[in-house]
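Please consider the sequence and the three-dimensional structure shown below. The paragraphs that follow lead through the main features in turn.

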Amino acid sequence: MKKLRSFYKVLIALLVLLFVEFGVLLVSLSLADRGSKQTDTNSTNAENSSLKAENSSLKAKKNSEKQAKYSNQDYALMAYLKLQGQTANELKQNKDNMNWKQDNNKFTIDFGAHGTVMTVTDKQVQLTYDKSTEEGMGQGNGHKVYTKQELAEEFGNQKSTLDEILDTVNENSNNSSNTQSSAQNNQSQNNTANQANNTTDNTTYSSSTRGNTTDTTADNTTGNTTATTIGTTTDTTTSNSDQEKRLATNGSTTD
C-alpha cells in the first residue's frame with residue numbers, strides 16, 4: 001500500500017513537472033511568435049515608408065521635370081491668361097496689339113492702357129494689376145499668386161500657341177528697340193553735325209574780328225604817327241622863324 005502511494009506521488013510529480021515544462025514551452029513559443037510578428041510588422045512599416053519616400057521623390061522629380069519644360073516667359077504668359085480667364089488661342093487673335101516688356105524675371109503686358117506685371121519666382125508667379133473699382137480702373141491695387149504647378153497643369157497643353165505668341169511679341173519688341181536706337185543715333189549725328197557747323201562759324205567770325213582789329217589798329221597807329229610828326233615839324237619850324245625875326249630886330253636896334 002505504501003509502495004502504491006509512493007508510486008502515485010512520483011507519478012503526480014512527473015505530471016506536474018511535465019505540465020510546467022509544457023507551459024514554459026507554450027509561453028516561449030508564444031513570445032517567439034509575437035516577436036516574429038513584431039519584426040515582420042516593423043519590416044513592413046519600414047518597407048512602406050521606403051516606398052512612400054520613393055514615390056514622393058519620383059513625384060517631386062516628375063513635377064520638377066515638368067516645370068523645367070517651361071521658361072519664365074511661358075509662366076508669365078500663363079499667369080496672365082489665368083488672370084484674364086482666357087485661352088492661348090483667344091490671346092493669339094490680339095497678339096499684334098500686345099505690348100510686352102521684360103526686366104529680368106519681371107514681365108509687363110499692356111494693350112496701350114493699364115498694364116499687368118508678372119514676377120516669376122522659383123515656384124510661383126506673383127501678379128500686380130489694375131482691377132475695376134466703382135470709380136473705374138484702379139492703379140496697381142490688385143494682387144494674385146499662382147503656383148507654377150497649377151499653371152503648368154492648366155496651360156501646359158497650349159505651349160505651342162504660347163510659343164507662337166511669344167515669338168511675335170518678342171519680335172515686335174526687338175523691332176521697336178531697334179527703331180528707337182536708330183532714331184537716337186540719327187539725333188546724335190545731327191547734334192554732332194550742328195556742333196561742327198557752329199564751331200566753323202565761330203572760327204570764321206573770330207578770324208574776321210582779328211583782321212578788323214589789326215587793320216583798325218594799324219590805320220590808327222599810322223594816322224597818329226603822321227599827325228604827330230607833322231605837328232612837331234610845324235611847331236619846330238615856326239619856332240625857328242620867330243627866333244630869326246627877333247635876332248634881326250635886335251641887330252637893327254644895336255646898329
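Lys82 lies over the face of Tyr146, at 5.5 Å from the ring centre. A charge counts as sitting over a ring if NZ of Lys or CZ of Arg is within 6 Å of the ring centre and within 35 degrees of the ring normal. The model is a predicted one, in which local features need pLDDT of at least 70 and side-chain atom pairs count only at pLDDT 80 or more, while totals for chains, interfaces and linings use all residues. Residues are numbered from 1 along each chain as its sequence is written, and side-chain values use heavy atoms, with hydrogens and water left out.

Confidence is expressed as pLDDT, the predictor's confidence in each residue, from 0 to 100. The average pLDDT of the chain is 74, and 61% of the residues score at least 70. Residues 216-223 have a pLDDT below 50, and this stretch has zero contacts in the model beyond near neighbours in sequence; contact means heavy atoms within 4.5 Å. Residues 225-240 also have a pLDDT under 50, and for them the model has zero contacts beyond four places in sequence.

The chain contains five helices and seven strands. Helices (H or I, at least four residues) and strands (E, at least two) are DSSP runs, numbered from the N terminus. Along the sequence their pattern is α-α-α-β-β-β-β-β-β-β-α-α. The chain has 255 residues, of which 16% count as buried. The term buried means under 20% relative accessible area, exposed means over 50%, and partly exposed lies in between (1.4 Å probe, protein chains only). Among contacts between residues at least 6 apart in sequence, 51% join residues at least 24 apart.

Two strands pair if DSSP finds at least two bridges between them. Strands of a sheet pair through backbone hydrogen bonds, either parallel or antiparallel.

The pairing of β1 with β2 (residues 106-110) can be followed in detail. Five bridges join these antiparallel strands. Lys101 has Thr108 in β2 as its bridge partner, and Asp103 stands opposite Lys106 in β2. The hairpin of β1 and β2 has two residues between the strands. Asn104 is placed in the loop between β1 and β2, and its phi is near 60 degrees, a positive value in a residue other than glycine. Asn104 counts as exposed because its relative accessibility is 66%.

The next loop, between β2 and β3, holds Gly112. With a relative accessibility of 65%, Gly112 counts as exposed. The C-alpha atoms of Gly112 and Met98 are separated by 8.0 Å, and the two residues are 14 residues apart along the chain.

Asp74 counts as buried because its relative accessible area is 3%. Apart from neighbours within four places in sequence, Asp74 is in contact with Lys69, Lys159, Leu162, Asp163 and Leu166.

Aromatic rings complete the picture. Rings of Phe, Tyr and Trp (its six-membered ring) pair if their centres lie within 6.5 Å; planes under 30 degrees apart count as stacked, over 60 as edge-to-face and the rest as tilted. Two aromatic pairs are counted by this rule. The ring centres of Tyr70 and Tyr75 are 5.8 Å apart and their planes stand at 75 degrees, so this pair is edge-to-face. Both Tyr70 and Tyr75 are buried. Trp100 and Phe107 form a tilted pair, at 5.5 Å centre to centre and with 35 degrees between the planes. Trp100 and Phe107 are likewise buried.
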